[in-house]
Protein chains: 2
Amino acid sequence: MEIKEKSLEYAPGLEGVVACRTRICQIDGQAGKLYYAGYPIEDLAQNSTFEEVCFLLWNQRLPRHDELENLEKIFRENRSLPQEVIAFLELAPHTAHPMDALRTIASLLSCFDINLEKSPEANLQRAIFLTARFPTIVATFHRLRQNQKPVLPHPSLGFAANFLYMLFGKEPTPNQAKVMDAALILHADHEMNASTFASLVTASTLSDIYSAVASGIGALKGPLHGGANEAVLKMLMEIADPANVESYVDQALTKKVKIMGFGHRIYKNYDPRARIFKEYARRLSERTKFSRFFKINEKLEEVMQAKKGQHGIFPNVDLYSGIVYHQLGIPADLFTPIFAIARVSGWTAHILEYWQENRLFRPNALYEGPAPRAYVSMGQR
Amino acid sequence: MEIKEKSLEYAPGLEGVVACRTRICQIDGQAGKLYYAGYPIEDLAQNSTFEEVCFLLWNQRLPRHDELENLEKIFRENRSLPQEVIAFLELAPHTAHPMDALRTIASLLSCFDINLEKSPEANLQRAIFLTARFPTIVATFHRLRQNQKPVLPHPSLGFAANFLYMLFGKEPTPNQAKVMDAALILHADHEMNASTFASLVTASTLSDIYSAVASGIGALKGPLHGGANEAVLKMLMEIADPANVESYVDQALTKKVKIMGFGHRIYKNYDPRARIFKEYARRLSERTKFSRFFKINEKLEEVMQAKKGQHGIFPNVDLYSGIVYHQLGIPADLFTPIFAIARVSGWTAHILEYWQENRLFRPNALYEGPAPRAYVSMGQR
């Protein structure tokens, strides 16, 4: 077999394998730093907007004033869904997980794209349109499953504020809009994470951008990836009180059950996104009855630091994002769709970049099954 | 950065990297041999049925008589689509590529699956149901886009024969059914090909089997993978006559345009599937006016052998599969969906196997973008 001749080693989960080159995103796992095209995530969360970060990921530079205004305008003008797509969302079972609805509609949108042009410019336009429509798909499905009339996109609100507006039918406060905007910035990209990698593997056959994005949504849904933020909130509800944290952790460690919101394959230090989310969660918690979750989290951090800190297991982004969304009144099964609303910018940025020097992803498998054998007819089995 | 510390090398396209272990499929690229769980593809194409091969891929052994009868029965009983799914297919734009329709419906089927059970048994059942329904999805969409009434699944025909029956509204001849059955067997699995790998990357976040299969369909659609069989027929139509082959090849090699139907990353010898398809194509061609395509192909082989044989570039499965489907009266844009109808058995077999010892696929990227830099406010740009 070929793999023996080349004497290659099995790389479980492709850990440590370099699958591609990128100019978009850099993680320094030891230092706990994250950069989008060189800009620290802390600076972007504080000073930028999600629209600007989309431009940054797609172009690897910050936009000029007119370029940003133009992108904001294209986003606003392309938020609406075709009437037929809304009809689909009405027909779809409203018991479905919103990630299943989002994946199906992202896939469906390809059926409405009659432009055969495959140039980088045409694909960037598709990326912009997809990003513009993701919040509308999620909000429309959420309204319909609650037997509420969908809220049409707002003609002038920014990206994050408009999403909250379509979800709840009223304009968010500036603070709520800022928190949502920062959440989208923090989730926009993260190097070669599993959903971005799934997008690239699909894109690498020179399939279309909708196929690649649908793969990203499918991968993000899993509890080992985007689904973790939803799982954190379930865990917090189960723990219920800061006083229960120590026994919860002990039991989980004994039973070798994963404690959600901790540990990351790349970060061997505090996840910088968790630090920012924690600060938002603290501010939002100071004024509300949900501060219980924040206190549970602080206790969790303390207990985990003592028991697992020396193993490089620290809080990750999911530990505090769920609390923040919960404070904004967002139901838990929309946490991962919000992740997708942000990450589609990163998926498409990596797809467009990869297509510049595309190479089919086609690894090998190590065969460990039965040796060659003759077919046995039914009568002889 | 981590990757530097580990001093790992960039593996473009993951060529030569071993991404997982498997007991399902083995390719001997040097010898030009393909085995499903140890059984040579030639034996299976000649003696087995697609239903039996599905059992083989899912269980890595041939079924007993009662086991095969049981699987055939479950397939027959689960071919129909929910009425709501047919309504979706009616609503979908009928100009869409059938692969886009298939990917969307495979994704949609998850919304109708209210079973929360995630056991291996429940997932195998989902794999069987998905495999049972793929031919019905493709045939129903094809009938609807031609303004024809969908043909309900036949109550007693076998898997391949029923697909042709639903497509054309009449029972195929035994010879037609056998050719289609063999085509499904030949396409059922192929080790760690790009679409199977896309399925596994998505599955590795512990997302659901529908998400993973939708990723597989999206990846298969690309012209560097399943889309190649459709491209071969376009090429044959362009060449139009055996006398034009030599100049076509010369021009393509000069312009460095890929000649479809030749070359494979793993096979450095004649693709064993191409040999079998060629024999079917020869037999079908002897009696029909389409023998022109067969003659073009034979000439192509001869010219390419002389010019590229020493570089290990040989005919692959796509060179003859398109001719065979064309002879069966199947339109070119259904060639890749037929590939999907077969390959979903392999995708699901690999997914179920991978989940037995799941590990998240999370490779690294080599960062080559701007170095860390301070955020610049809009006024300063």
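Predicted model: local features only at pLDDT ≥ 70, side-chain atom pairs only at ≥ 80, totals over all residues.
Within chain B, B:Phe197 and B:Phe361 make an edge-to-face pair, with 5.4 Å from centre to centre and 75° between the planes. Here, rings of Phe, Tyr and Trp (its six-membered ring) pair if their centres lie within 6.5 Å, and planes under 30 degrees apart count as stacked, over 60 as edge-to-face and the rest as tilted. The two partners are 164 residues apart: B:Phe197 belongs to helix α10 (residues 194–203), and B:Phe361 to the loop between α17 (335–356) and β5 (364–367). Helices (H or I, at least four residues) and strands (E, at least two) are DSSP runs, numbered from the N terminus. Both B:Phe197 and B:Phe361 are buried, where buried means under 20% relative accessible area, exposed over 50% and partly exposed in between (1.4 Å probe, protein chains only).

Over all chains, the count comes to 20 aromatic pairs. Take A:Tyr375 and B:Tyr39: their ring centres are 6.3 Å apart and their planes at 75°, so this pair is edge-to-face. The contact crosses between chains, joining the segment after β5 (364–367) of chain A to strand β4 (residues 39–40) of chain B. A:Tyr375 counts as buried because its relative accessibility is 17%, and B:Tyr39 does so at 5%.

Charges meet rings too. A:Arg275 lies over the face of A:Tyr270, 4.4 Å from the ring centre; the rule asks for NZ of Lys or CZ of Arg within 6 Å of the ring centre and within 35 degrees of the ring normal. In chain B, the charged end of B:Arg275 sits over the ring of B:Tyr270, at 4.4 Å from its centre.

Residues are numbered from 1 along each chain as its sequence is written, while chains are lettered from A and ligands numbered from 1 in the order in which they are written. Local features need pLDDT of at least 70, side-chain atom pairs count only at pLDDT 80 or more, and totals for chains, interfaces and linings use all residues, with side-chain values using heavy atoms and leaving out hydrogens and water.
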